[in-house]
Amino acid sequence: MDEISQRLYFALEAARMSVWDSTLIDGRVLSSVINWSPDGMALLGLPQKLCRMPFSDYLSFIHPDDRTAVVDTMQTHVDRCLGYETSYRIRRADGEERWLRAKARPVCESAVPVGTLGLIWDDTERKMQELAIHEQKELAEVTLASIADAVITTDRKGHVRSLNRVAEHLTGWSKLDAEGKPINELMHLIDEVNGGVVENPVTRCLRTRTTVGVSSRTRLVTRDCRTVSIEDSAAPIWSSNGELLGAVAVFRDVSHERELARQVRWQAAHDALTGLINRREFEKEVAHALSSAKSERQHHALLYLDLDRFKVVNDTCGHAAGDVLLQTLSHMLQDRMRDSDILARLGGDELGVLLKHCPLPRALLLAEGIRQTIQDFRFSWGGHTFSLGVSVGLVEISPDSSSTSELLMAADQACYLAKEAGRNRIRVYHETDALLAQRRSEVQWVTRLNDAFTHDRFRLFGQPIIPLGSGSGHHEEVLIRIASQDETLILPGAFIPAAERYDLMASLDRWVITHVCRHIEKENSGARDGNASGFDRIPAMYSINLSGMSLNDDGMFDHIVHQFSEHGVEPRQICFEITETAIIANLPKAQDFMARCRQLGCLFSLDDFGSGLSSFAYLRSLPVDFLKIDGVFVRDIANNRIHRAMVKAINEVGHEMGIRTVAEYVEDDLTLDVIRQLGVDYAQGYAVGRLRNLLSPFADRNRPT
């Protein structure tokens, strides 16, 4: 072997290639004879030797699915005396399937093909990698096509490379039209609130080279100029060596969710009957007015309106007539308001008016106009015609005003005095009015509360909290009442406000904790005495309401520990219920108190959950075991889809955070069925259990209704 041949042999060996040639008969590939080198025979799994093989024999090694394509490729190029390259599968003599790749050039004499000369090698490894990459690409494309979110990928300059079917549908751009376009052309985004242009998350992602989180107020302007509410995010795409290749944007249509959220927000802030803002929203407006009065030295006015003779309409014609009357009056008064004024329904036949930037003399004139309008109005229903009046309490909001609650209380007190003075008149609040009102109400209740402490007139009742699924054990909420001298039970709504105002709530909470612990001690003792094998049942759990004042009581924790020790109470038998309002007002102390009680083993329930718009924001930072869903959403859940959606959302968030949920005010079987369908864990209300007297188990004659 000469030097050139030797070099060629070594080069082919290094490249793992083999040489072959063929002799053509009449220019037909099928009639040719192949001359194999020893390495070429080895590719077929045959002994390594020089070999002449009819092409028809070699064809039997080629995979049946590839034979026609291989022959066609070879014959087409031979006919034209052109070189070719092809790849195909073979089945070796030992049965193993491999991929071969061949390159060849026909040998032509006077433009007539007489043979071929070529190289052939095992291409299996490269082909399998190629197939794997293709399969991964196909899988990625199928995945992108099947997911519910829209997905767009771009290069590092922000030009579109691909988008899935959902993205085509949402943007209005086809994949063919979109490729190569700037992302801003496909995803033109505006702010849902102010309509301003919003930076595309892909643009920001490529600029900052970081992931851009989900937006909450973005609208997509589609190719046909429609707008769609979306949530969108973007993330960079990196190569294996850390090079930025582009970005991927993910977004989805949230129009329905945002519309539902808008409805929920509207319902949370408005009265369903009249469409006016409700008390909670009105209190926020008054708070803003008070803030501007102090910071900007402004003067505003607050009116508290109580309709006179409204009850006559209800009693004579029914509540439907009363509802229509309230709607009619609300629309009529709304038309008389200045653009800056705010009219609200505070409850029943009570309305509130906030007169912004309105000094007291001007407020008196406007209030008189409202009073005269209502006095002149005539309401007709079912052949009856009614005249009305209105008692108005007016209080000035000035830089010297103290707080929102005191302003509302002052307006209410002035309205009360207007009614006492003969109705259908305006009373401007003065400091002396507060003293009169206190003598009539809260001072009396302070005396009665002290009497209840002295003569042991408090009564405790338990209302069952029933598991709706696999939960077990006995669980009750402890409710407090005052027994009057004739044993009539007084509900807490009558005396709690006075207890809060005069710093008696912590004492009241201590009394409840002490007597619940005494009750548990008796209950545990009775269970042991009645069980010869020992006290092996699951201890009952009692939920005790704690006020915000108790969270600020430095001695409350020590009192709890002492009562547990003295009466042998297991801390896991006590669940403290605290309202969101109380926690937010005392957040650092509340968190510290809850943490210390949790170390003992006590549980916590967040009461009236959902009544505040900040609920979800604070929930994550609180060690809560139960969420008690606000009864305002539960009470009419069977007929109110918005309230049903609220309960569903609260329940799902609670479960995601590992918190059990309780629906209170479950008053009938229909409501019970709905909350069970929604997956709420526990129910509380007369549909699942009535109250029992805890302090005297055999005295259920005192059971309240």
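Author: The model is predicted, and pLDDT stays under 50 over residues 697-705. For residues 697-705 the model has 17 contacts beyond four places in sequence. Where pLDDT is low, the predicted coordinates should not be read in detail. Residues 532-536 also have pLDDT under 50, with four contacts beyond four places in sequence.

Reader: What is the average pLDDT of the protein, and where is confidence lowest and where highest?

Author: The protein averages a pLDDT of 85, and 89% of the residues score at least 70. Confidence is lowest in helix α1 (residues 3-14), with a mean of 51, and highest in strand β15 (residues 350-355), at 95.

Reader: Why is α11 called roughly perpendicular to α15?

Author: The axes of helix α11 (residues 279-296) and helix α15 (residues 404-420) cross at roughly 110° and come within 9 Å. Angles of 65 to 115 degrees count as roughly perpendicular, and therefore α11 is roughly perpendicular to α15. The crossing of these two helices is right-handed.

Reader: What makes up the contact of α11 with α15, by residue and by class?

Author: From α11, Phe282, Glu283, Val286, Ala287 and Leu290 meet Thr404, Leu407 and Leu408 of α15. The contact of α11 with α15 has six nonpolar residues, one polar and one charged.

Reader: At what angle do α13 and α14 pack, and which residues meet?

Author: Helix α13 (residues 319-336) packs with helix α14 (residues 360-376) at an angle of about 145°, the axes being 11 Å apart. The crossing of α13 and α14 is right-handed. Leu329, Met332, Leu333 and Arg336 in α13 meet Gly369, Ile370, Thr373 and Ile374 in α14. By class, five residues of this contact are nonpolar, two are polar and one is charged.

Reader: Why are β3 and β4 said to stand at the edges of their sheet?

Author: The sheet is open, with six strands in the order β3-β2-β1-β6-β5-β4 and antiparallel pairing. β3 (51-54) and β4 (84-91) each have a single partner strand, so one side of each is left without a neighbour in the sheet. On average, neighbouring strands of this sheet are turned by 30° against each other, direction ignored.

Reader: How do you know that β4 and β5 pair?

Author: Pairing requires at least two bridges, and eight bridges join β4 to strand β5 (residues 97-109), the two running antiparallel. Lys103 in β5 is the bridge partner of Glu85.

Reader: Which strands does helix α4 lie across?

Author: Helix α4 (residues 64-79) lies across β1 (17-25), β2 (28-36), β4, β5 and β6 (112-122). Helix α4 runs at about 155° to β4.

Note on methods
Residues are numbered from 1 along each chain as its sequence is written. This is a predicted model: local features need pLDDT of at least 70, side-chain atom pairs count only at pLDDT 80 or more; totals for chains, interfaces and linings use all residues. Side-chain values use heavy atoms; hydrogens and water are left out. Axes are lines fitted to C-alpha atoms, for helices over the stretch in contact, and angles run from 0 to 180 degrees between N-to-C directions. Helices (H or I, at least four residues) and strands (E, at least two) are DSSP runs, numbered from the N terminus. Angles under 35 degrees count as roughly parallel, over 145 as roughly antiparallel, 65 to 115 as roughly perpendicular and the rest as oblique. A crossing is left-handed if the near helix is turned anticlockwise from the far one by less than a right angle, and right-handed if clockwise. Contact means heavy atoms within 4.5 Å. Ala, Val, Leu, Ile, Met, Phe, Trp, Tyr, Cys and Pro count as nonpolar, Asp, Glu, Lys and Arg as charged, and the others, Gly among them, as polar. pLDDT is the predictor's confidence in each residue, from 0 to 100.
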